[in-house]
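Subject: Structure handover and notes

Dear colleague,

Please find below the structure I promised to pass on to you, with its sequence. My notes on it follow, with the cut-offs given where each term comes up.

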Amino acid sequence: MKIVAHSLNPVGRTGGRAYLRMLHDVTADQVEWHTAPDYKRTYRTRRWRKLRHLARLAPTIHALKHRPGLFVWDDLSLLLFTPHMRARTIFIFHHYEPLQHDSAPVEAMLWQRLFAVLPQCGAVVCVSPYWAEFLRDRGVPDVQVIYNAFDLPEIDHARALDRQACRTEFGLASEAIAVYVGKAVHWKGTECVTAALRADPRLKVITTGSNTIDSATAHYDLPRAPYLRLLRACDVGVFAPQMQEGWSRCAAEALLLGLPSLIRPIAGLGDLAHLTEQPAPDFGRLREQIYERATAPEAETKGPYEALARFDQNYFAYAWNRVLLQATAGS
């Protein structure tokens, strides 16, 4: 008999939605998933977006109160749960970043309340050791780490593609050094990298995603398969966000695809940089660093690949099935 579990609908392109989608996929044989709408991603206007989301979601959560099963939740709307519902909840904590607050000053108070009620949950899972320690410092004693994971056959297929063919597909000249800097969204640091490299015409800065900042780079908003081909075509990754990220799927996938990188060791990215032994960007000599990384021997990319390849879908399924079974036994 399948476990019944409720979550928000894993629709969207953020790392958190990718994590939740993979969770649904790898546990589909063991879990009967029921989803609630994630309204906060439907509003064009950011201001008060999370508060409007909470107000719209409240009736749905009220209706779930007496429904059987677990809750696998990763949203501020945990505050609308009853204590009994929280006892049946596995909460996924991705990261906390006040720069992303769209409902200030109320949102900061909601987050502090969330930290206070997390110990009522049946289990709390986060995506890197940094965030586990962050929660322990805020009074959440029992936190498990289940890293972002990857579809390794998909990664290996892209890694085996002819790199020159991929460069031709995206019009990258042979003399160009393609520098992938991640998503062109707020606080990812893409503007800083672009400004630092603007004077060198040989360095071609590449971004992906929805381009909410109107980035003046070579920008691509691509489906999954061509996105991986674009990564395969690039030479170096630079990830220098101002914001505190969970574990940065963009940076991890760039490393898996063989890009020697520069990673700012902030929050979860610090865990990723340490695990894969990637140096930090130095904006005083960023151009020189990129030329050095672009000429790194191919053998140097094997270590990061091997470090991250452990986190495949089998790892993810095993870790999550264990948590789900424990939560079912305790509910």
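Helices (H or I, at least four residues) and strands (E, at least two) are taken as DSSP runs and numbered from the N terminus. This is a predicted model, in which local features need pLDDT of at least 70 and side-chain atom pairs count only at pLDDT 80 or more, while totals for chains, interfaces and linings use all residues. Residues are numbered from 1 along each chain as its sequence is written, and side-chain values use heavy atoms, with hydrogens and water left out.

Leu79 sits in the loop that runs between strand E3 (70-73) and helix H3 (83-87). Neighbours within four places in sequence aside, Leu79 is in contact (heavy atoms within 4.5 Å) with Arg86, Leu110, Arg113, Leu114 and Val117. Ala160, by contrast, is 81 residues away from Leu79 in sequence and 46 Å away in space, C-alpha to C-alpha.

On the aromatic side, rings of Phe, Tyr and Trp (its six-membered ring) pair if their centres lie within 6.5 Å, with planes under 30 degrees apart counted as stacked, over 60 as edge-to-face and the rest as tilted. By this rule there are 23 aromatic pairs. In one of them, the ring centres of Phe93 and Trp111 are 6.4 Å apart with the planes at 90°, so the pair is edge-to-face. This pair links distant parts of the chain, since Phe93 belongs to strand E4 (residues 89-93) and Trp111 to helix H4 (residues 106-117), 18 residues apart. Phe93 and Trp111 are both buried, where buried means under 20% relative accessible area, exposed over 50% and partly exposed in between (1.4 Å probe, protein chains only). One aromatic cluster is formed by Phe93, Tyr96, Trp111, Phe115, Tyr130, Trp131 and Phe134.

Another buried region involves helix H13 (residues 302-309), in which Pro304, Tyr305, Ala307, Leu308 and Ala309 are buried. The cover over these residues of H13 includes helix H6 (152-159), helix H10 (249-256) and helix H11 (268-276). Thr276 is found in helix H11, and this residue counts as buried because its relative accessibility is 4%. Apart from neighbours within four places in sequence, Thr276 is in contact with Leu255, Pro304, Ala307 and Leu308.

The end C-alpha atoms of residues 37-152 lie 30 Å apart, and the span is 37% helix and 13% strand.

Best regards
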